[in-house]
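Here is my note on the model, point by point. Please keep the structure open while you read.

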Amino acid sequence: MEKIRIGIVGAGNIATSAHLPAYQSCKNVEVSAIADINFNRAKLAAQKYNIPLVFSSVEEMLAGAEIDAVDICVWNNAHSDVAITAAKAGKHILCEKPMAIDFEHALLMEEAVNKAGVIFMLAVPGRFAAPNMMVRELFEKGELGEVYYAKTAYIRRRGTPSGWFTDKKTSGGGPIIDIGVHRIDAAWYLMGNPKPVRVSAATSSKIGNYNTKGVSRWVGTECPDNCFNTEDSGAGVIHFDNGAILFFETSWAINGPEHSDTQICGTKAGVTLDPLTIYGERNEYLSNDILTVAKNDNPFLNEITHFADCVINNKKPRYPLEQAVLMQKMIQGIYDSARLRKEIEL
Ligand SMILES: NC(=O)c1ccc[n+]([C@@H]2O[C@H](COP(=O)([O-])OP(=O)(O)OC[C@H]3O[C@@H](n4cnc5c(N)ncnc54)[C@H](O)[C@@H]3O)[C@@H](O)[C@H]2O)c1
């Protein structure tokens with residue numbers, strides 16, 4: 001097999017603005033079908049991207065299209081059902097973040113994937129961004145030494161997405177599960193994915209439902225009851241079994257400067273991703289090395305090309321099932337800790 005045939009489920013923003021443009025230049029994937037419960041949306045995407053088959057559910061797509069894998073781009077609360085249905089049909093799965101709305105659903109997905117023996121990969125583009133790949137390589141080569149401390153932030157001053165994102169039953173939560181997860185994952189990946197053991201966190205819901213003018217937002221499909229019942233910011237600390245800790249903070253809306261920062265500290269050197277700098281010592285003096293990566297890096301293209309390569313050559317994906325489940329466990333721990341106002345053992 002030189003190319004896999006993929007069926008996309010969900011023809012909304014992430015499918016049409018990131019996945020489909022990337023598939024256009026992906027050499028080892030052919031997009032064979034697209035499905036959305038909003039059939040018209042799927043039809044428009046199919047016309048624009050020349051996709052031969054259009055369906056209004058994953059079930060119809062599995063019955064009517066010859067595909068090897070599904071690419072799950074639906075609302076968070078539909079990830080588990082779609083993944084389980086696809087796994088039962090023997091299809092490999094690329095699943096947008098977050099894996100599920102909660103840990104319970106992630107475990108159901110894990111069971112179905114393991115039973116079917118298909119490949120599952122969580123789609124988190126940060127793992128396929130050149131700076132992150134470069135730092136992970138440094139970690140693997142031991143150039144950072146023992147990584148024992150990290151901190152990460154994804155702070156939007158005003159950036160609450162609209163529609164279903166703010167409805168907890170559809171999204172599972174606010175900025176922690178939506179954007180914080182990108183940065184927590186980046187830090188965890190660059191720390192070498194140690195096993196999380198404890199988490200302590202707090203969340204707030206204060207100013208996220210703002211009327212501020214002159215700001216833009218990611219537009220999600222409208223949720224039926226148009227509610228806002230998630231957090232709008234959160235912060236905390238995750239402890240790992242090797243003694244390392246990771247501090248995180250994230251917001252959709254906060255009265256402070258907008259920023260994204262990730263910092264990893266090891267015994268031999270430390271790294272910041274923004275900007276990409278290595279903090280070390282040379283000849284017993286402090287040194288700051290600024291690394292350069294290609295400007296035309298496309299994490300989404302890297303992500304789908306890697307997934308297809310894993311399917312074709314039966315390789316373990318860079319974001320494998322067990323790490324996706326552990327990430328969901330951390331997210332669950334964060335929300336449980338915030339709700340119960342105490343540290344949670346994972
Ligand atoms: N990787 C990233 O950087 C990134 C960025 C944004 C969103 N996302 C993720 O992508 C996913 C989709 O987000 P979006 O912004 O595209 O939302 P969206 O509302 O624009 O699109 C989601 C689509 O899924 C469809 N859908 C819902 N349930 C379905 C089902 N059971 N079967 C078929 N279709 C169904 C909806 O009709 C809608 O068209 C979410 O999980 C989100 O977290 C990832």
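1. Helix α1 (residues 13-24) is the top contributor to the shell around the ligand, giving 3 residues. Helices (H or I, at least four residues) and strands (E, at least two) are DSSP runs, numbered from the N terminus. A residue is near a molecule or strand when its C-beta atom, placed from the backbone, lies within 6 Å of it.

2. Basis of the note. The model is predicted; local features need pLDDT of at least 70, side-chain atom pairs count only at pLDDT 80 or more, and totals for chains, interfaces and linings use all residues. Residues are numbered from 1 along each chain as its sequence is written.

3. The shell itself. It holds 26 residues around the ligand, of which Gly10, Gly12, Asn13, Ile14 and Thr221 come nearest. By class, the shell has 14 nonpolar, 8 polar and 4 charged residues. Here Ala, Val, Leu, Ile, Met, Phe, Trp, Tyr, Cys and Pro count as nonpolar, Asp, Glu, Lys and Arg as charged, and the others, Gly among them, as polar.

4. Why does the ligand lie between domain 1 and domain 2? Both domains give residues to the shell around the ligand, so it lies between them.

5. The domains. Domain 1 covers 4-125 + 300-319, and domain 2 covers 127-295 + 328-345. These bounds come from an automatic or database domain assignment. The C-alpha centres of the two domains lie 25 Å apart.

6. Nine strands form an open sheet with mixed pairing, in the order β14-β13-β12-β11-β7-β10-β9-β8-β15. Strands β14 (285-290) and β15 (344-345) are the edges, each pairing on one side only. Two strands pair if DSSP finds at least two bridges between them. Strands β9 (residues 233-240) and β10 (residues 245-251) run antiparallel, joined by 7 bridges. Alanine 235 has glutamate 249 in β10 as its bridge partner.

7. Helices on the sheet. Helix α8 (residues 175-190) packs on the sheet, touching β7, β8 (196-204), β9, β10, β11 and β12. Its direction makes about 150° with that of β10. Helix α6 (residues 130-140) lies across β7 (147-155), β11 (259-266), β12 (270-273) and β13 (276-282), at about 170° to β12. Axes are lines fitted to C-alpha atoms, for helices over the stretch in contact, and angles run from 0 to 180 degrees between N-to-C directions.

Notes: Contact = placed C-beta atoms within 7 Å.
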